[in-house]
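Please open the model in your viewer and keep the selection tool at hand. We will go from stop to stop, with a word on what to select at each one.

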Amino acid sequence: MKRTMMSLIGVAVALAAVTGVAAVAAPDGGDRDAPRGSSRLPVQRSALLCPAPTSSEVGETAYTAFAPKGAAAGADGKKGTAELLPAGTVRDTGGKGKKNGKGKGAAAGQTVAPRDTKPVVPLQEAGKPVTATTDSPDAPALVGAADGTLAPGWTVQQTSSVAAGAGRGLLGLSCTTPDTTFWFPGVSTATDRQDYVHLTNPDATPAVVDLELHGKDGSLAGSAGEDISVPPHATVPVLLSTLTTTPTTNASLHVVAREGRVGAAVQASDSKLGSDWLPPAADPSPSVVLPGVPKDATSVRLVALAPGESDADLKVQLATPTGLITPAGLETLHLKSGMTTAVDLKDLTKGEAGSLVLTPSDGDSKAPVTAALRVTRGKGAKQEMAFIPATRPVEKRATAADNRDRGSTLSLVAPEKGKDAKVKVTASAGSGGGTPATKTYTVKGGTSLDVEPPRPQGLKGTYALTVEPEPGSGPVHAARMLARPQGGVPAFTVQPLPDDRGSVLVPTAGQDLSVLTN
């Protein structure tokens, strides 16, 4: 019995390091809440999925891959590999069509194989970004993996610039990791929006996905959002307005993979406000932080949902450079279970950058919530929108790729009063050359800090930023804004910087076996 348990524990430790499945400390506790006898190890393999970027004839997409330095070579001496490969695309699917086996998506159109199967942005070394560009309107989705020293913190940024048309704007996305559930508050099925959720399957077996839409009165979607089949190594784009007969301006989308796993991201296009990617929000929790509202935001809309069985009452606060304030007329926000609530916060920041902090009005409440912001810059016909979802804290490290010589703004927020955050920010070498640079910032508890991040000396090309809380730091959340004006339009995109989960806590065999001696 003891021999069997020893083998099982050894397998668990190995699987944890490879897959990233292990004991996870509380978001604000770091390793303080780790199981006794556990140790932190770098992950040995990670996966990323990038959706098809844009179908515009006047669009250009840049891919930037990066892995931070730090992990040692494996026992075999290999440094590791990291690359993305083009995926197949299921055409003409809106979640409807003739059934074929268990799912509908594959039957609604054939899976079109990619024209080119060469790796995209293959990474050979940690600490230096690799870039690639495409202007093809048929650019495919990408699926890939990293192992060895390149697995911990492997990040790929997908940034598209579309000069004109309904999808014009700057669209940015940090490619997602595969999972079985995603939340997207802030989607729309209204006639002035076209929102597609892109479902990408990284594995060799089909995935079956359900899509659940929630509006202000509850569930919106019917059977059209069920049993969507995503073929192996392929992507399925689903137009959300085809899932319901009720046009809804503010809705929340829940993506659930009942079989297999997928990557998911929403591409939102507004007839007046341009387009951008809506990344998945952090897992629902009683308190959420939405970092990085720009100081010149002309309009901010909060969309929130309490997905559990209980209603939620929230205190709404804006973390500013000087402290937490309550937006006028919005001391509290009541969320009914399963119903999406939207609030227009107008010019919330009033010239000072900030971050929104939602906490339970009753400190003992455990009702989980999820939320996102739609942020607009500019006026009249020259407006541009971006999205900021609820973001989990940076526990050990987070990374933002595709920073240029100018146009990047780093947002850091320490949401809890009395718990200051001290953060080290490192600018990597440039993709074409340059020397890394590091700077440390202190964020007072209950405040938000926007900075122009450090740049590599002698920068050539693009570079990556890594954000690392110092030992003893209070909780910190982060986001990065890219601003690249297009003909008078203040084009921008915001990427949240959650912890990259490049390391995991695993139990030590000795500690676990001692428990079994009786």
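The tour below starts with the whole chain and then moves to single residues.

**Before you select anything**

This is a predicted model, in which local features need pLDDT of at least 70 and side-chain atom pairs count only at pLDDT 80 or more, while totals for chains, interfaces and linings use all residues. Residues are numbered from 1 along each chain as its sequence is written, and side-chain values use heavy atoms, with hydrogens and water left out.

**Stop 1: the whole chain**

Show the protein chain as a cartoon: there are two helices and 40 strands. Both kinds of element are DSSP runs numbered from the N terminus, with helices being H or I of at least four residues and strands being E of at least two. Of the 518 residues in the protein chain, 53% are buried. Here buried means under 20% relative accessible area, exposed means over 50%, and partly exposed is in between (1.4 Å probe, protein chains only).

The accessible surface of the protein chain is about 22000 Å², and 51% of it belongs to carbon and sulfur atoms. These areas come from the Shrake-Rupley method with a 1.4 Å probe, and for residues only the protein chains shown count as cover. Among contacts in the protein chain with a separation of 6 or more, 81% are between residues 24 or more positions apart; contact means heavy atoms within 4.5 Å.

**Stop 2: the disulfide**

Which residues form the disulfide? Select Cys 50 and Cys 175, whose sulfur atoms are 2.0 Å apart. The structure holds one disulfide, defined as a pair of cysteine sulfur atoms within 2.5 Å. The torsion about the S-S bond of Cys 50 and Cys 175 is about 110°, so the disulfide is right-handed. Cys 50 belongs to strand 2 (residues 45-50), and Cys 175 to the loop between strand 11 (169-174) and strand 12 (181-187), so the pair ties together parts that are 125 residues apart in sequence. Cys 50 is buried, at 0% relative accessible area, and Cys 175 also counts as buried, at 5%.

**Stop 3: along strand 12**

Stay with strand 12 and pick Thr 181. Thr 181 is partly exposed, with 30% relative accessibility. Leaving aside neighbours within four places in sequence, Thr 181 is in contact with His 254, Val 255 and Val 256. Draw a C-alpha to C-alpha distance from Thr 181 to Asp 283: the two are 102 residues apart in sequence and 8.9 Å apart in space.

Next, select Phe 182 and Phe 184, which are both buried. They form a stacked aromatic pair, 6.4 Å centre to centre with 25° between the planes. Rings of Phe, Tyr and Trp (its six-membered ring) pair if their centres lie within 6.5 Å; planes under 30 degrees apart count as stacked, over 60 as edge-to-face and the rest as tilted. The count by this rule is one aromatic pair.

Asp 192 comes next, in the loop between strand 12 and strand 13 (193-201). Is Asp 192 buried or partly exposed? Asp 192 is partly exposed, at 39% relative accessible area. Beyond neighbours within four places in sequence, Asp 192 is in contact with Ser 269, Asp 270 and Ser 271. Asp 192 and Ser 271 are 79 residues apart in sequence, yet 5.5 Å apart C-alpha to C-alpha.

**Stop 4: two nonpolar cores**

Select Leu 290, Leu 302, Leu 335, Leu 345, Leu 356, Leu 358 and Leu 373: these have the most contacts inside the largest nonpolar core, which has 33 residues. A second, separate core of 31 residues includes Leu 220, Val 230, Val 255 and Ala 257. A nonpolar core is a set of buried Ala, Val, Leu, Ile, Met, Phe, Trp, Tyr and Cys residues joined through side-chain atoms within 4.5 Å.

Move to His 214 in strand 14 (residues 207-215). His 214 counts as buried, at 15% relative accessibility, and residues that it touches include Leu 220, Leu 305 and Thr 340.

**Stop 5: a charge over a ring, and a loop**

Select Arg 377 and Phe 492: the charged end of Arg 377 sits over the ring of Phe 492, 5.0 Å from its centre. The rule asks for NZ of Lys or CZ of Arg within 6 Å of the ring centre and within 35 degrees of the ring normal.

Finish at Glu 452, in the loop between strand 35 (447-451) and strand 36 (457-460). Glu 452 is exposed, at 56% relative accessible area. Not counting residues up to four places away in sequence, Glu 452 touches Ser 408 and Tyr 441.
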